[in-house]
Amino acid sequence: STRKESSAASDVYKRQPQLRRIVKYLKAWCDYKESINSNINMPSGCILTILAVEHFSAVVNRDDEALKNVLVRMYNSLSITFTCYRPTTPVGENLFAGYSDTRRNNFMDRLKTFKEDAERAIASSNPKEACEKWQNHFGMRFSCSTAKNEDENARQFSNPVILNNNT
């Protein structure tokens with residue numbers, strides 16, 4: 001049954017282009033974090049893929065929301081039990097078993113910050129501010145040069161609004 005489970009996970013991965021993109025985003029995040037601090041050892045691509053498959057649900061036309069959801073679910077799950085079980089041989093191996101407390105804490109701190117910034121980016125009505133939240137975690141490969149610095153929820157009136165206080 002375990003071979004069927006890993007085969008099912010592989011099928012999901014193949015059928016879901018958004019999931020493949022989410023994995024690429026997670027790998028890019030880890031790559032960026034390691035590039036700015038060589039003392040940080042982020043999880044492997046294998047671990048990121050397993051966690052992404054485990055916590056993914058598609059959001060049509062919104063990779064940002066899908067990624068945020070994966071980050072939230074991943075953080076919540078790993079906060080309870082810091083485990084990532086290999087779905088292939090040797091089945092059931094916890095890929096986090098060799099992590100020191102320091103490595104685990106470094107990863108969880110970065111995951112928490114990424115999750116919180118993703119939530120803020122999604123909630124923001126200013127594209128430039130939202131973009132900058134993502135850029136904190138992807139570096140310059142995530143360009144904000146075309147993002148507008150304006151509140152998309154603010155109403156624009158051609159004439160000033162006049163409020164009557166007559167009763």
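## Cysteines and a helix crossing

C46 is partly exposed, with a relative accessible area of 38%. Keep in mind that this is a predicted model. The closest cysteine sulfur to that of C46 belongs to C84, and at 6.9 Å it's too far away for a bond. C30 is another story to look at: this cysteine is buried, at 4% relative accessible area.

| Residue | Relative accessible area | Class |
|---|---|---|
| C30 | 4% | buried |
| Q135 | 18% | buried |
| C46 | 38% | partly exposed |

So which cysteines do pair up? The count comes to one disulfide, and C131 and C144 form it, with their sulfur atoms 2.0 Å apart. The torsion about that S-S bond is about -95°, so the disulfide is left-handed. Since C131 sits in helix α6 and C144 in the segment after α6, the bond ties together parts that are 13 residues apart in sequence. Both C131 and C144 are buried.

Now for the helices. α2 has 20 residues and spans 29 Å from its first C-alpha to its last, close to the expected 28 Å. Its buried residues include L19, I22, W29 and C30. The axes of α2 (residues 17-36) and α6 (residues 127-138) come within 7 Å and cross at roughly 65°, which makes the two roughly perpendicular. On the α2 side, Y25, A28, W29, Y32 and K33 meet Q135, N136, H137 and F138 of α6. By class, that contact has five nonpolar, three polar and one charged residues.

Q135 lies in α6. Beyond its close sequence neighbours (within four places), Q135 touches Y32, M140, F142, S143 and C144.

Terms used
Residues are numbered from 1 along each chain as its sequence is written. This is a predicted model: local features need pLDDT of at least 70, side-chain atom pairs count only at pLDDT 80 or more; totals for chains, interfaces and linings use all residues. Side-chain values use heavy atoms; hydrogens and water are left out. Axes are lines fitted to C-alpha atoms, for helices over the stretch in contact, and angles run from 0 to 180 degrees between N-to-C directions. Helices (H or I, at least four residues) and strands (E, at least two) are DSSP runs, numbered from the N terminus. Angles under 35 degrees count as roughly parallel, over 145 as roughly antiparallel, 65 to 115 as roughly perpendicular and the rest as oblique. Contact means heavy atoms within 4.5 Å. Ala, Val, Leu, Ile, Met, Phe, Trp, Tyr, Cys and Pro count as nonpolar, Asp, Glu, Lys and Arg as charged, and the others, Gly among them, as polar. Buried means under 20% relative accessible area, exposed over 50%, partly exposed in between (1.4 Å probe, protein chains only). The expected span of a helix is 1.5 Å times one less than its number of residues. A disulfide is a pair of cysteine sulfur atoms within 2.5 Å.
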